[in-house]
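Come along while I look things up one by one.

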Amino acid sequence: MLRVGPLASGVVSPLQFLLLLQLNKGPKYGYEMLTFLRGEFEGVWDVKTGSVYPALRSLESRGFVETSKKDETEFYTLTPSGESLL
């Protein structure tokens, strides 16, 4: 089986991939993404706050997402590099 994409190449973790997919729909704040994942994976995977924010920071440090503040809330947005990765 031929594997392609950011997960197969080891560029991002499965959690980071799920975060990028959410950001593909538009800017979101961290807790919003965490709540969505908890709802989607309820009973299967307990997504932790301590996992989501480091994953977002890693994506940001590698240029796949950028952060902007609005009313003291940090919003994450895909960069052109993040869009290309997806």
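**Entry 1: getting oriented**

I note at the start that this is a predicted model. I looked up the elements and found four helices and three strands in the protein chain. Reading from the N terminus, I wrote their order down as α-β-α-α-β-β-α.

Next I checked how much of the chain is tucked away. The chain has 86 residues, and 30% of them count as buried. Then I turned to contacts with a separation of 6 or more: 44% of them join residues 24 or more positions apart.

**Entry 2**

I picked a first pair of helices to follow. Two packed helices are described by the angle between their axes and the distance between the axes, so I looked up both.

Helix 1 covers residues 14–23 and helix 2 covers residues 30–40. Their axes come within 11 Å and cross at roughly 110°. Angles of 65 to 115 degrees count as roughly perpendicular, so helix 1 and helix 2 are roughly perpendicular to each other. I also noted that this crossing is right-handed.

Which residues meet here, in helix 1 and in helix 2? From helix 1 I listed Leu-15, Leu-18, Leu-19, Gln-22 and Leu-23, and from helix 2 Glu-32, Met-33, Phe-36 and Leu-37. By class, I wrote down seven nonpolar, one polar and one charged residues for this contact.

**Entry 2: a closer look at Gln-22**

I stayed with Gln-22, which lies in helix 1. Is Gln-22 buried or exposed? Its relative accessibility is 7%, and the cut-off for buried is under 20%, so Gln-22 counts as buried.

I then looked up its neighbours, leaving out residues up to four places away in sequence. Gln-22 touches Lys-28, Glu-32, Met-33, Phe-36 and Leu-37.

**Entry 3: helix 1 against helix 3**

Helix 3 spans residues 49–61. The axes of helix 1 and helix 3 come within 10 Å and cross at roughly 75°. That angle makes helix 1 roughly perpendicular to helix 3.

I listed the residues on each side. Helix 1 brings Leu-15, Gln-16, Leu-19 and Leu-20, while helix 3 brings Ser-51, Val-52, Ala-55, Leu-56, Ser-58 and Leu-59. I sorted this contact into seven nonpolar, three polar and no charged residues.

**Entry 4: helix 2 against helix 3**

One more pair to look up. How do the axes of helix 2 and helix 3 cross, and within what distance do they come? They cross at roughly 125° and come within 10 Å. That makes helix 2 oblique to helix 3. The crossing is right-handed.

In helix 2, I found Gly-30, Tyr-31, Met-33, Leu-34 and Arg-38 at the meeting place, and in helix 3, Thr-49, Val-52, Tyr-53 and Leu-56. The residues of this contact divide into six nonpolar, two polar and one charged.

**Entry 5: Thr-49**

Thr-49 has its place in helix 3. I looked up its relative accessible area, which is 38%, so Thr-49 is partly exposed. Not counting residues up to four places away in sequence, Thr-49 touches Leu-34, Arg-38 and Pro-54. I also checked Tyr-31, which is 18 residues from Thr-49 along the chain, and their C-alpha atoms are separated by 8.1 Å.

**Entry 6: Gly-26**

Where is Gly-26 found? I located Gly-26 in the loop between helix 1 and strand 1, the strand at 28–29. With a relative accessible area of 19%, Gly-26 is buried. Gly-26 and Leu-78 are 52 residues apart along the chain, yet 7.8 Å separates their C-alpha atoms.

My last stop is the loop between strand 2 (65–70) and strand 3 (73–78), the place of Asp-71. Glu-72 is found in this loop too. Most residues other than glycine have a negative phi, so I looked up the phi of both. Asp-71 has a positive phi of about 55°, and Glu-72 has a positive phi of about 70°. Neither Asp-71 nor Glu-72 is a glycine.

Are these residues buried or exposed? Asp-71 counts as exposed at 73% relative accessibility, and Glu-72 counts as exposed at 70%.

Methods
Residues are numbered from 1 along each chain as its sequence is written. This is a predicted model: local features need pLDDT of at least 70, side-chain atom pairs count only at pLDDT 80 or more; totals for chains, interfaces and linings use all residues. Side-chain values use heavy atoms; hydrogens and water are left out. Axes are lines fitted to C-alpha atoms, for helices over the stretch in contact, and angles run from 0 to 180 degrees between N-to-C directions. Helices (H or I, at least four residues) and strands (E, at least two) are DSSP runs, numbered from the N terminus. Angles under 35 degrees count as roughly parallel, over 145 as roughly antiparallel, 65 to 115 as roughly perpendicular and the rest as oblique. A crossing is left-handed if the near helix is turned anticlockwise from the far one by less than a right angle, and right-handed if clockwise. Contact means heavy atoms within 4.5 Å. Ala, Val, Leu, Ile, Met, Phe, Trp, Tyr, Cys and Pro count as nonpolar, Asp, Glu, Lys and Arg as charged, and the others, Gly among them, as polar. Buried means under 20% relative accessible area, exposed over 50%, partly exposed in between (1.4 Å probe, protein chains only).
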